[in-house]
Amino acid sequence: VQLQAFGGGLVQASGSLRLSCAAYGSIFSINDMAWYRQAPGKQRELVAAITSDGRTNYADFVKGRFTISRDNTKKTVYLQMNRLNVEDTSVYYCKANADTVVAGTKDYWGQGTLVTVSS
């Protein structure tokens, strides 16, 4: 299973970006999907998560600004980020908990996509 994340880049403060992360491979089903981020010198932290039936959970620092969604037919999770601020500058990672015939149920991580917010 591979996760490929897209959509990072440079944006001005108060701007928007949309991240996408698609899962590839011999996947039987995908359970929870999530976005994390890690800024230089800091620990990786949860940004938002979504269950297979669409229930969502957000970190307090993004509530009201970010929206997580998924398309199960495309095995893709999205993160719409609005009203970005400098503190949102990080590498964003997607994670999927997936069921495969070979490996059973486990977590998979994408390669990370850099989001840089300028003031």
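I began with the open sheet of four strands, whose order is β1-β3-β8-β7 with antiparallel pairing. I noted β1 (2-6) and β7 (66-71) as the edge strands, each of which pairs on one side only, and I recorded an average twist of 15° from one strand to the next. The model I am reading is a predicted one.

Next I followed β1 to its partner, strand β3 (residues 17-24), and found the two paired in the antiparallel sense over five bridges. For Gln2, I looked up the bridge partner in β3 and wrote down Tyr24.

I then turned to Asn97, which lies in strand β9 (residues 90-100). I list Asn97 as buried because its relative accessibility is 19%, and the cut-off for that label is under 20%. Leaving aside neighbours within four places in sequence, I found Asn97 in contact with Ser29, Ile30, Asn31, Asp32, Thr105, Lys106 and Asp107.

My last entry concerns the salt bridges, of which the structure holds six. I looked at the one between Asp88 and Arg37, where the closest N and O atoms are 2.9 Å apart; this pair links distant parts of the chain, with Asp88 in the loop between β8 (76-81) and β9 and Arg37 in strand β4 (residues 29-38), 51 residues apart. I noted both Asp88 and Arg37 as buried, whereas Asp53 and Arg55, which meet in a salt bridge at 3.2 Å from N to O, are both exposed. I also recorded that salt bridges with shared partners join Arg37, Glu45, Arg65 and Asp88 into one network.

How values were computed: Residues are numbered from 1 along each chain as its sequence is written. This is a predicted model: local features need pLDDT of at least 70, side-chain atom pairs count only at pLDDT 80 or more; totals for chains, interfaces and linings use all residues. Side-chain values use heavy atoms; hydrogens and water are left out. Two strands pair if DSSP finds at least two bridges between them. Axes are lines fitted to C-alpha atoms, for helices over the stretch in contact, and angles run from 0 to 180 degrees between N-to-C directions. Buried means under 20% relative accessible area, exposed over 50%, partly exposed in between (1.4 Å probe, protein chains only). Contact means heavy atoms within 4.5 Å. A salt bridge is a side-chain nitrogen of Lys or Arg within 4 Å of a carboxyl oxygen of Asp or Glu.
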